[in-house]
Amino acid sequence: MIREIVQVGDEVLRKKCEPVTRFDGELAALLDDMKETLKKAEGAGLAAPQVGVPIRAVLVDVPEGFFEFINPVFVWQKGEQVGPEGCLSVRGKSGIVCRPNKVKIIYQDRHGDKYAVVARGWFARAVCHELDHLDGILYTDKAENIRDEED
Ligand code: CO
């Protein structure tokens with residue numbers, strides 16, 4: 001089911017999200033809905049608070065693959081990259097954001113099993129952007145030169 005993507009100004013986007021403790025059918029249904037919503041919106045990532053659910057779960061859809069990160073935590077961050085970013089919750093805008101160039105995170109999947117992944121480049125940028133959402137941070141808090149996108 002496609003869910004409505006919450007837009008900037010809604011307080012749910014500013015919450016510190018709660019850890020996921022139950023890896024149940026409700027979580028699976030939420031993740032499935034988020035995937036459908038993300039694919040339709042053609043975004044690179046979507047965090048649970050963006051569909052109004054303030055829990056620590058995000059999706060990242062990048063050339064390296066499609067990922068569900070539950071309770072993700074940075075292990076380390078290295079380097080620096082500066083580039084454009086947008087957000088499905090801040091429609092029609094983009095801005096230049098400085099992010100780490102390489103990150104390692106640990107996370108759980110929808111069953112609660114634990115994994116780690118190293119992300120570089122655009123993948124690292126998407127991970128950083130989505131993890132910020134879990135702490136109530138939007139890219140516009142960090143961006144320079146926020147401007148209207150021509151579409
Ligand atoms: Co976003």
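Asn-145 is placed in strand 8, which spans residues 144-148. In this predicted model, the phi angle of Asn-145 is near 55 degrees, a positive value in a residue that is not glycine. With a relative accessibility of 59%, Asn-145 counts as exposed, because the threshold for that class is over 50%.

A positive phi is also found at Asn-71, where the angle is about 50 degrees although the residue is not a glycine. Asn-71 belongs to strand 3, residues 65-78. Its relative accessibility is 16%, so Asn-71 counts as buried.

**The cobalt site**

Three protein donors surround the cobalt ion: the SG atom of Cys-87 and the NE2 atoms of His-129 and His-133, at distances of 2.0 to 2.2 Å. Along the sequence, these donor residues follow the spacing C-x41-H-x3-H. Cys-87 is part of strand 4 (residues 81-87) and His-133 is part of helix 2 (residues 121-133), so the pair ties together parts that lie 46 residues apart in sequence. Cys-87 is buried, its relative accessible area being 10%. His-133 is likewise buried, at 1% relative accessibility.

**Strand 4 at Gln-81**

Gln-81 is another residue of strand 4. A relative accessibility of 14% means that Gln-81 counts as buried. Its side chain reaches the backbone oxygen of Pro-100 at 3.0 Å. Beyond the residues up to four places away in sequence, Gln-81 touches Val-97, Cys-98, Arg-99, Pro-100, Asn-101, Gly-121, Trp-122, Ala-124 and Arg-125.

**Val-60 in strand 2**

Val-60 is located in strand 2, residues 57-62. Its relative accessibility is 0%, and Val-60 therefore counts as buried. When neighbours within four places in sequence are set aside, the contacts of Val-60 include Ala-44, Gly-45 and Gly-65, the phenylalanines Phe-66, Phe-67, Phe-69 and Phe-123, and also Ala-126, Val-127 and Glu-130.

**Pockets**

| Pocket | Volume | Classes of lining residues |
|---|---|---|
| Largest pocket | about 420 Å³ | eight nonpolar, seven polar and seven charged residues |
| Second largest pocket | about 240 Å³ | seven nonpolar, one polar and four charged residues |

The lining of the largest pocket comprises 22 residues, and those nearest its centre are Gly-43, Ala-44, Gly-86, Cys-87 and Leu-88. Cys-87 is also a protein donor of the cobalt ion, and Ala-44 is also a contact of Val-60. At least two lining residues of the largest pocket come from each of strand 4, strand 5 (90-99) and helix 2.

The second largest pocket is lined by Arg-3, Pro-19, Val-20, Thr-21, Arg-22, Asp-24, Glu-26, Leu-27, Ala-29, Leu-30, Val-53 and Ile-55. Among them, Arg-3, Arg-22, Asp-24 and Glu-26 are of the residue types that count as charged.

Technical notes:
Residues are numbered from 1 along each chain as its sequence is written. This is a predicted model: local features need pLDDT of at least 70, side-chain atom pairs count only at pLDDT 80 or more; totals for chains, interfaces and linings use all residues. Side-chain values use heavy atoms; hydrogens and water are left out. Helices (H or I, at least four residues) and strands (E, at least two) are DSSP runs, numbered from the N terminus. Buried means under 20% relative accessible area, exposed over 50%, partly exposed in between (1.4 Å probe, protein chains only). Contact means heavy atoms within 4.5 Å. Donors are N, O and S atoms within 2.8 Å of the metal (3.2 Å for Na, K and Ca); water is not among the atoms, so sites may look incomplete. On a 1 Å grid over the protein atoms alone, a cavity is a set of points where a 1.4 Å probe fits but cannot get out, and a pocket is an open set with protein on both sides within 12 Å along at least five of seven lines; lining residues have an atom within 4 Å of a point. Grid points are joined across faces, edges and corners, and a volume is the space filled by probe spheres set on the points. A polar contact is a pair of N or O atoms within 3.5 Å; within protein, one must be able to donate a hydrogen and the other to accept it, and residues adjacent in sequence count only if both atoms are side-chain atoms.
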